[in-house]
Amino acid sequence: MHVPQDIAETIVDPRAYAAREPLDEAFRWLRSNAPLAKVQPTGFDPFWAVTRHADILTVERQNDLFHNGDRAATLTTIDADRRTRELTGGSPHIVRTLVQMDNPDHLAYRRLTQAAFLPQNLRALEPRIREIARSFVDRMIAMGGRCDFARDIAFLYPLRVIMELMGVPESDEPRMLKLTQEVFGASDPDLNRSGETVDAARLVEDMQATMAELMVYFNAITEDRRRCPREDISTIIANGQIDGQPIGHFEAMSYYIIVATAGHDTTSNTTAGALWALAENPEQFQKVKGDPALIPGFVEESIRWETPVKHFMRSATADAEVAGQAIAKGDWMMLCYPSGNRDEAAFNEPFKFDVTRSPNRHVAFGYGAHVCLGQHLARMEMRILWEELLPRLKSVELDGVPSRWQASFVCGPKTVPIRFTLE
Ligand code: HEM
């Protein structure tokens, strides 16, 4: 089935992710007419758009056949790819985090921190995370009935949590927020380093400058944690060893960067999107407020609803077949998570926000070997925030028109102006 070019252009267009409806429409068309489709938006190498829930799982399950590291792991134009390879001496990646690794390295590097992010080990952090959540609820209440929930609360709370886990002082948080937003908001002129819409080559250069700044910051942390180990994630990374040898410097720097960036923006976007959904659906607000046992389900539904990570890329290591399509060795594939999470074949009424949705097997955290390392932390911190906030809120409604970031990789609400009353 031929894919109309405007659909191919839409699924890579950061503005479509900000507007959302055109994106939903494009994915709906693809799911029903060409669920595994070869597309070639202007300026990109051709790639397969994987839009069905079941096909996303099929690809993710086979991480030896569909690799992360051989080609760019996120959507990259031909020009940006060329510039990246020039700057890195041939690699398609500016950093080498877990996301850009395949086995055996992926497994070895993931094992270093995996235990710290397991539910049984996170449990000890619950009282401290609750204290942080309470401080943000108090701050919201002090704002006297109106706030921009995205900027005033949702961007800051998960930042505070992950920085505390990493042992980064509170005074450095504004800098970390700015650098993270430069990483994920490179295509949004309000967020990127240049403050304007930039071409692909400039985008890569700006990104490398941001990464370099992050590396200088984390280099100092490494030295400190080698001298004086603490109970934090930075100490694990700084002293990480594989086969008795210290891990590579570039890999250690990349490790800090992924935890420091992926560790809050995703959760912030989901938190902001969740309150936006509650403000638009007062009956859902009443339901979850009236029965705290529904909060974990509400968290899960808000992760599905917002799907803050919009895609990851894979490439085939050998000729393969998925959903009846012949994939050639080297082919590039886009895992379209927002589409998988609106797939009519996997969800009943997927366009409805339903805090009681069960089962809710969304793919917002990915799947398989690379499944989100921080998924349990993300769930826990959001659950705690709602447990603290919902009993205090009597009503909430939108106080203006919310907006979204322009980005095709990680994004969500930019502003969520609300009016609220208290119990
Ligand atoms: C709602 C919040 C979050 C969402 C929706 C999310 C989503 C994702 C997705 C889709 C992936 C790729 C999975 C795949 O390729 O199959 C991923 C990977 C990852 N996430 Fe998250 N994430 C969230 C929160 C966090 C947090 C709080 C952390 C903190 C440590 C984190 C750290 C990571 C890391 C390190 C990876 C790379 C894992 C690997 O490649 O092995 N994420 N996440």
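This report walks through a few spots in a predicted model.

## Ground rules

Because the model is predicted, local features need pLDDT of at least 70 and side-chain atom pairs count only at pLDDT 80 or more, while totals for chains, interfaces and linings use all residues. Residues are numbered from 1 along each chain as its sequence is written, and side-chain values use heavy atoms, with hydrogens and water left out.

Let's start with helix α12 (residues 200-227) and helix α14 (residues 249-262), which pack at an angle of about 105° with their axes 9 Å apart. (Helices are DSSP runs of H or I with at least four residues, strands are runs of E with at least two, and both are numbered from the N terminus.) The axes are lines fitted to C-alpha atoms, for helices over the stretch in contact, and angles run from 0 to 180 degrees between N-to-C directions. So α12 and α14 are roughly perpendicular, a label for angles of 65 to 115 degrees.

Who meets whom? On the α12 side there are M211, L214, M215, F218, N219, I221 and T222, and on the α14 side H249, F250, M253, Y256, I257 and A260; contact here means heavy atoms within 4.5 Å. These residues split into 10 nonpolar, 3 polar and no charged. Nonpolar covers Ala, Val, Leu, Ile, Met, Phe, Trp, Tyr, Cys and Pro, charged covers Asp, Glu, Lys and Arg, and the others, Gly among them, are polar.

## The iron and its cysteine

The ligand's iron atom has a single donor from the protein: the SG atom of C372, 2.3 Å away. Donors are N, O and S atoms within 2.8 Å of the metal (3.2 Å for Na, K and Ca), and water is not among the atoms, so sites may look incomplete. You'll find C372 in the loop between α18 (337-340) and α19 (375-389).

At 51% relative accessibility, E349 counts as exposed (exposed is over 50%, buried under 20%, partly exposed in between, with a 1.4 Å probe and protein chains only).

## A buried threonine

T307, in the loop between α17 (295-306) and β7 (311-316), has a positive phi as well, near 40°. With 1% relative accessibility, T307 is buried.

Key:
Angles under 35 degrees count as roughly parallel, over 145 as roughly antiparallel, 65 to 115 as roughly perpendicular and the rest as oblique.
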